[in-house]
Amino acid sequence: MPWQSVPLEESLPTCQRGDAFPVGEVKMLEKQTNPPDYLTEAELITLMEKHGIGTDASIPVHINNICQRNYVTVESGRRLKPTNLGIVLVHGYYKIDAELVLPTIRSAVEKQLNLIAQGKADYRQVLGHTLDVFKRKFHYFVDSIAGMDELMEVSFSPLAATGKPLSRCGKCHRFMKYIQAKPSRLHCSHCDETYTLPQNGTIKLYKELRCPLDDFELVLWSSGSRGKSYPLCPYCYNHPPFRDMKKGECSHSLLSTGSCSLFSVPTPALHQAGL
């Protein structure tokens with residue numbers, strides 16, 4: 001990288017202790033220090049590789065996750081700017097258990113995995129030890145969750161005070177509020193329950209129809225005017241009623257009559273639900 005070398009006119013001549021040099025200029029400048037700029041994706045990848053976090057395959061997934069979860073936003077020059085949520089989470093984790101933020105514990109796990117790959121460690125022992133460590137950290141974090149709540153309350157409005165009424169809850173039959181900020185969700189302040197929704201689209205009430213299983217009002221998710229859209233039940237989306245359904249799936253394909261097409265669900269699934 002010759003462009004980073006010191007130019008000849010700026011290089012010092014050979015000198016010895018006691019040599020005297022004439023002063024060419026004396027001046028005093030007033031400046032202000034600036035904070036370092038936000039990391040770029042490339043700089044973050046370099047730091048992750050330096051600390052032994054992730055692999056070539058998983059590092060891009062980690063960066064994509066923090067973007068999707070609204071911990072950072074991608075600015076010009078592919079710089080990652082932390083959001084208020086991301087900053088509060090880091091401060092909260094550091095306050096409760098600093099190892100959840102520092103790269104040491106993740107790096108230690110990666111080193112153990114490398115030893116397994118080299119045949120120098122038994123994967124059962126590594127698995128048991130790692131699960132035990134994280135189990136203890138999880139219980140300690142749950143016991144200390146009040147510290148995280150305090151930071152959240154200072155930085156954000158209570159969930160019940162945000163959003164706008166959209167659809168009725170099937171438990172208390174009161175309106176739930178639609179929280180548009182990522183991740184978008186519905187919140188019932190009376191039941192103190194939150195229901196996740198499909199992301200990257202718009203949500204609106206679907207003809208005031210109700211799910212026949214739980215009496216929740218259905219909502220319509222749409223990816224745009226020309227994109228795909230489908231109705232869903234907020235409760236079934238989060239708590240699948242059938243064994244062969246996964247969380248985040250909803251089979252509420254509605255007929256024009258407004259009845260839910262549960263008959264499209266396999267018969268064994270209906271028996272499991274007692275229908």
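The side chains of Lys137 and Asp97 meet in a salt bridge, 2.8 Å from N to O (a side-chain nitrogen of Lys or Arg within 4 Å of a carboxyl oxygen of Asp or Glu). Lys137 belongs to helix α5 and Asp97 to the loop between α3 and α4, 40 residues apart. This is a predicted model in which local features need pLDDT of at least 70 and side-chain atom pairs pLDDT 80 or more, while totals for chains, interfaces and linings use all residues. Residues are numbered from 1 along each chain as its sequence is written, and side-chain values use heavy atoms, without hydrogens and water.

**Salt bridges**
- The whole structure holds nine salt bridges.
- Asp37 pairs with Arg79, with the closest N and O atoms 3.4 Å apart.
- Asp37 precedes α1 and Arg79 is in strand β2, so this pair ties together parts 42 residues apart in sequence (helices, H or I, of at least four residues and strands, E, of at least two are DSSP runs, numbered from the N terminus).
- Asp37, Glu43 and Arg79 are linked in a salt-bridge network.

**Burial**
- Lys137 is buried at 13% relative accessibility, and Asp97 is buried at 13% (buried is under 20% relative accessible area, exposed over 50%, partly exposed in between; 1.4 Å probe, protein chains only).
- Asp37 is exposed at 54%, whereas Arg79 is partly exposed at 25%.

**Largest pocket**
- By class, the lining has 26 nonpolar, five polar and five charged residues (Ala, Val, Leu, Ile, Met, Phe, Trp, Tyr, Cys and Pro are nonpolar; Asp, Glu, Lys and Arg charged; the others, Gly among them, polar).
- Helix α3 gives the largest share of the lining, six residues.
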